[in-house]
Amino acid sequence: MQKTELKKLLESMSLQEKIDQMLQLVGSFYSEDTDEVLTGPESELGITDEDVRMAGSIEGTYGAQYLMELQKSYMEKQPHHIPMLFMMDVIHGMKTIFPIPLGQAAAFEPELSKRCASAAAKEAAVSGLHVTFAPMVDLVRDARWGRVMESGGEDPFLSSRLAQAQVEGFQGKDMSEPYKVCACVKHFAGYGAAQAGREYHTVELSEHTLRDFYLPAYKAGIDAGSGMVMTAFNTLNGIPASTNKWLMRDVLRDEMGFDGVLVSDFSAIAETVVHGHSEDLKDAAKKALEAGVDIDMMSGAYAANLSTLVKEGAVDEAFIDESVMRILELKNKLGLFENPYKDADPEKEKTVILCDEHRQLAGEAAAKSFVLLKNEGVLPVDTSKKTAFIGPYTNNKEIKSSWAFIGDSQDCVTIEEAAREVFDLTRTTFHAGSPVLGNDDAQALKGFAEKLPDPVPEEMQLSMLKEAVQAAKEADTVIMPLGEYYLQSGEATSRAMLDIPDVQMRLFREVAKVNENIIVVLFNGRPLDLREISRKAKAVLEVWLPGTEGGHAIVDVLTGKVNPSGKLPMSFPYCVGQIPVHYNEYSTGRPYQPGMQARYLSKYLDIPNTPLYPFGYGMSYTDFEISPVTLSGETVTEKTSITAAVTVKNTGTLSGTQTLQLYIQDVSASVVRPVKELKGFQKTELAPGEEATVQFVIEEPMLRFLRADGTVGSEDGRFRLWIGDSSDTENAAGFMLKREM
Ligand code: BGC
């Protein structure tokens, strides 16, 4: 449809019809019989049956046949036959589940994330969906927050590249094209900085921290063309994001140029009353509308109040027109006026979902997401040796995360299933050894909608333990798949202790008493406190929540069929007391280096300053030698760039991939700059003995930041740069920036 036609359509709509477009409800308001509307919860929200019938979008429901019927009956009733939008959280896969976003970030391969998003979009599109509430691009520095699993980690540069890649993967060049869905960058803004890592908690961010670290990834997603943005639950510097006019109008719309649809997070408009910012739902509706929030997800504030507010003259109907126009434009961009069913296709659902191609991609992505944290010569394993797999993740299908609720865990391949295909089964045994959660830990998850593991009586736990210890005694190597339960990460899963559940640690300690050759395979949605594990195990392989093909990918890496290449996208703290810990911190006036004896230095008495495993870190089964950095010149200007290069050589005996990372520091500036900032990365695959030169171009725009006078730009002076295999690299060089004045 042409813009003029959309305008005419808008002009012909009644006020009520327009307000209905701005209402989003969950699918459970609708029964399978598409003519029937469920009553109950809507009356509590002040939503009438008519609102439910006419809501412009629904979320959380899928299935080609069902959504086609729903669309048909909706359009018949809608006075202008405007199609409905179907949205859902397709975060890291629909039915084929890819590794969690934090795991994908560890692959340091935006193109891979793009391919995963594109495959997820295809499965979502044939299931009738038009929009996914992804990517989540909130920067994170606090592993206590459960949603770090959904993020790209602690670095703005990496997060931005991933945000862009995912938006491009979901939407393609044109979201009306077959198998594409609209992306929704979320949660604007700063949600990842919840105080003390407690879910939904207050966010206080200085202007330069917000702009230099937190905003870039949203901006990258918006620049990539994301059709939607979602507000955040939190207050930002005292004002709830969802009613924050400065944030939404000045920053998001005017500065960032976002002209798509802004949806509130679930019930977030109503929550501004609870925050103590809005007087009541009516006030909340007025504030959110004036801030430019186009769709009210599930709070009922708009449906119950916008009409009265307009009639009383308390809000200008022009705000409603503006929002509805954006919603109509999105429907138009998706091509829904021409084809309201878009890609919904019950037949294609059968062939596309979980197809071989998607499963293969899930396996590739999983293997690339794994990070080898430690290896004292025990990996890759020799499959002909006596091996005992001991741990509750040995044969556990719950490896897809709480944000993959459409996926069926029964479709996931476990380690045991995969290992049975390649290990010598006369010399390999498999044991759970313990439940994944102790009965108390399971109790803490009560209230979650999902089914919790059944309690295991203590005698049964003891007999599992006994069997496992016996197996460990008899084995040459013990592979221990341990970790967090999948419901311990995701939304509303903040944790103050970043431990592996006690019941598993008891197993680990008992096994460690009888066998020295332990390889821990770690399942988790967030960095954990790994001190004991990493001290006692000979190898630690971080596998996150790897998704559908997790088992195959793990066995491929354990056996050396695939050489691990992942790098940490988030620091693994030494212990919880160190949090927030991130590599791109500022220098204090009294920095501490290990070994320094002076008293008045910036340090802890009881733990190191540095994390256990830093950002960008990850080992390989082969060795790489990285040459000192060479520069093509000493001075960067606005017009001239320089290149920084290293030669990397595979000095080991296996092929492998190294990710070279470029870090830069502005040595002195009007506002202090981080000790290091990631500004580029490149993956290089090398055969044994092979070497390659890796170059990075250093240009003035990459040296910009929010200066003391409030403008964004670079400042002349000295810079350091490093190229290495992790954020703790010391492979440095220096250059100058000299701009023309
Ligand atoms: C989450 C969002 C999600 C929404 C809809 C909220 O609780 O914060 O990320 O998109 O629910 O499911």
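Here are legends for several close-up views of one predicted protein model with a ligand.

Residues are numbered from 1 along each chain as its sequence is written, and side-chain values use heavy atoms, with hydrogens and water left out. Because the model is predicted, local features need pLDDT of at least 70 and side-chain atom pairs count only at pLDDT 80 or more, while totals for chains, interfaces and linings use all residues.

**View 1. The whole protein chain, before we zoom in.**
Let's start with the overall picture. The protein chain has 22 helices and 27 strands; helices (H or I, at least four residues) and strands (E, at least two) are DSSP runs, numbered from the N terminus. Its C-alpha trace spans about 75 × 70 × 45 Å along the principal axes. Of the 741 residues, 61% are buried (buried means under 20% relative accessible area, exposed over 50%, and partly exposed in between, with a 1.4 Å probe and protein chains only). Now for contacts, meaning heavy atoms within 4.5 Å. Among those in the protein chain with a separation of 6 or more, 79% join residues 24 or more positions apart. The chain exposes about 27800 Å², and carbon and sulfur atoms supply 49% of that. Accessible areas like this one come from the Shrake-Rupley method with a 1.4 Å probe; for residues, only the protein chains shown count as cover.

Who sits around the ligand? The shell has 13 residues, and the closest are Asp 89, Arg 147, His 187, Asp 265 and Glu 491. The shell divides into six nonpolar residues, one polar and six charged. In this sorting, Ala, Val, Leu, Ile, Met, Phe, Trp, Tyr, Cys and Pro count as nonpolar, Asp, Glu, Lys and Arg as charged, and the others, Gly among them, as polar.

**View 2. Side chains reaching oxygen atoms of the ligand.**
In Asp 265, a side-chain N or O atom is 2.6 Å from an oxygen atom of the ligand. Lys 186 has a polar side-chain atom 2.8 Å from a ligand oxygen, and for Glu 59 the distance is 3.4 Å. As for how covered the ligand is, the protein buries 91% of the 310 Å² that the ligand exposes when taken alone.

**View 3. Two cis peptide bonds.**
One of these bonds runs from Lys 186 to His 187, with omega near -5°. His 187 belongs to strand 5, residues 184–188, and this residue also turned up among the closest to the ligand. Another cis bond joins Ile 579 to Pro 580, with omega near 0°. Pro 580 sits in the loop between helix 22 (550–559) and strand 17 (624–626).

**View 4. Gly 560, in the loop between helix 22 and strand 17.**
Gly 560 is in that loop and is partly exposed, with a relative accessible area of 27%. What does Gly 560 touch, leaving aside its neighbours within four places in sequence? The partners are Pro 380 and Tyr 621. Tyr 621 is 61 residues away along the chain, yet the two C-alpha atoms are separated by 8.0 Å.

Phe 108 has phi near 45°, a positive value in a residue other than glycine. You'll find Phe 108 in the loop between helix 6 (101–106) and helix 7 (110–126), buried at 1% relative accessible area. Met 298 also has a positive phi, near 65°. Its place is the loop between strand 10 (296–297) and helix 13 (301–311), and Met 298 is buried too, at 10%.

**View 5. Gln 665 and its partners.**
Gln 665 is part of strand 21, residues 656–666. With 10% relative accessibility, Gln 665 counts as buried. Its side chain makes a polar contact of 2.6 Å with the side chain of Arg 720. A polar contact is a pair of N or O atoms within 3.5 Å; within protein, one must be able to donate a hydrogen and the other to accept it, and residues adjacent in sequence count only if both atoms are side-chain atoms. Beyond neighbours within four places in sequence, the contacts of Gln 665 include Pro 674, Val 675 and Trp 722.

Conventions: Near = heavy atom within 4 Å.
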